Amino acid sequence: MQRAFDSILAGLLGELVSRRPGLSSHTPSVLLAVSGGIDSMCMAELFKASGAGADFAVAHCNFSLRGEESDSDEKLVAEWAESNDVKIYRKRFDTLGYAALHGLSTEMAARELRYGWFSSLCEENGYDAVAVAHNANDNVETLFLNLLRGTGIKGLSGMKILSVVPEPASVPESGRIPLLRPLLGFTRKQIEGYVFAHKVKYRDDRTNFETEYKRNKIRNLVFPVLEQINPSFVRTINREMSYFSQIGRIADSYYESHERFLKGRRVIDIGILKDDPNWEYLLYRALDGYGFSSPVIYSIVDLLKSGRTVSGKIFNAQKYSAVTAGGKLLIEDRTDSEGTEGADALSGLRRKGTLPPAFAYPFRSGGETMTVHGPGSYCFNGVRFSVEVSERDSLATLKAPSGTLYFDSGKLPFPFLCRRWEKGDWMIPLGMKGRKKVSDLFTDLKYSLKDKSQSVIIVGGDCLSESGSGQGKRVSAVLGVRADDMTKVSETTETVIIVRIRQ
């Protein structure tokens, strides 16, 4: 394994020099990210014994998530560095506090903290690259996670052996620190064999054996089944990913040669776009660059396929909004503080004169029903509300704030219907076992006749089929008030639809 590692490392260092000619004047220096686990301790030992000619130091993050166990990990790495006369950098993070402050999952918070620190260490101390201990098993885990999230062809290609440290989009890729993955071609079994043969000390993170996180579920529950089917499935899938990477390059070329539908950097001509037989992929590529998620892009595709496209329909990403207007899809900066209103963005379009004269204000519907095709801002029966899509793991609690309802996206999928209340409507309120008439719910809430007439009923999913003569109709929710138990978010929920009343 050492000989193969040296060959890989020499190739990586040679690629670094070719990309940054200034490195040829000195020995490349690499900052190793070492957690104390078996993979990173193996990487540290391989670097120590390598003849590839790279100087290196060690960086250890203590994320303060496992108490004494985290401290013991730090102690092990520090002892290894001291015994091998290797410079070490150590930093303790308040990961949970950072996650809460920025609205991130614990995993994403730890990722941002460590890569941000690694970049600053490289800039302050002159290291040429960061090396992490991702291996072939990690690569396959990432493939499955990408498939579940929906990341397109690029997600099927897996990780690259040489890439760049993740940083904010404001930092151009050319200015980012190179990221090396010298263990990417080795399986975890190979790493375990090297560690045991060379008596390398390491520490097990007990959370790796739990199934709370998605990656651990794949590692501990899915992989054993795949190994029964194909004992070499890790190598097989890694080989397939190399082909996916080539397909990705072919797709890149196709997209670059079929950009006629782009009328300016942020204007998409829907007519020209749909003339291409592969327009759905072209739209995905155009919107993915602005941070629109796969579910949101799919909602736009579904709308364009339906033939019901109307001006003023709004779809939101974190920083941008996509607005339909006169046969065009306009990409605008988000100007609202919470990202779901879109009214300011529309005002901006009016001021710029980019909306057609017949543009209809999107927040009102004069009909008896309204179909919600995807995330965006809506108004029905005089009630303004927003629809968002979020991963289940991003919710700190399942107790929704006042005026907000959470739905399992698999139980209330797009499109769903908004309508006025009808006599006979019933539901099984969340947490209850028996059915309740919506009229009785109104009585409990002390609704006036006006309140009843202005209520908004949501119907979708399995509730659409639960109606019968004399039985009324089962509804999915009363907007902002109650959701039906059939739509509840559970531990198996992956994606959540959030419907929030707007004042």
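Me: In this predicted model, is cysteine 122 buried or exposed?
Reply: Cysteine 122 is buried, because its relative accessible area is 2% and the cut-off for buried is under 20%. Cysteine 379 also counts as buried, at 2% relative accessibility.

Me: How many disulfides are there?
Reply: A disulfide is a covalent bond joining the sulfur atoms of two cysteines. Here a search of the whole structure gives 0 disulfides.

Me: Which residues have the most contacts inside the largest nonpolar core?
Reply: They are Leu32, Phe47, Trp80, Leu180 and Leu183, in a core of 33 residues. Elements that each supply at least two of its residues include helix H1 (2-19), strand E1 (29-33), helix H3 (68-83) and helix H8 (188-197). The largest share, 7 residues, is from H2.

Me: What does leucine 183 touch, leaving out residues up to four places away in sequence?
Reply: Its contacts include Met1, Phe5, Met43, Leu46 and Ile191, and also Asp39 and His134.

Me: Which residues belong to the other core?
Reply: That core lies apart from the largest one and has 25 residues, among them Ile268, Tyr290, Phe315 and Ile331.

Me: What is the strand order in the open sheet of 4 strands?
Reply: Strands of a sheet pair through backbone hydrogen bonds, either parallel or antiparallel. In this sheet the order is E12-E13-E23-E14 and the pairing is antiparallel. Strand E12 (376-380) and strand E14 (404-408) are at the edges; each has a single partner strand, so one side of each lacks a neighbour in the sheet. From one strand to the next, the twist averages 25°.

Me: How many bridges join E12 to strand E13?
Reply: There are 5 bridges between E12 and E13 (residues 383-391), and the two run antiparallel. Serine 377 has serine 386 in E13 as its bridge partner.

Technical notes: Residues are numbered from 1 along each chain as its sequence is written. This is a predicted model: local features need pLDDT of at least 70, side-chain atom pairs count only at pLDDT 80 or more; totals for chains, interfaces and linings use all residues. Side-chain values use heavy atoms; hydrogens and water are left out. A disulfide is a pair of cysteine sulfur atoms within 2.5 Å. Buried means under 20% relative accessible area, exposed over 50%, partly exposed in between (1.4 Å probe, protein chains only). A nonpolar core is a set of buried Ala, Val, Leu, Ile, Met, Phe, Trp, Tyr and Cys residues joined through side-chain atoms within 4.5 Å. Contact means heavy atoms within 4.5 Å. Two strands pair if DSSP finds at least two bridges between them. Axes are lines fitted to C-alpha atoms, for helices over the stretch in contact, and angles run from 0 to 180 degrees between N-to-C directions.
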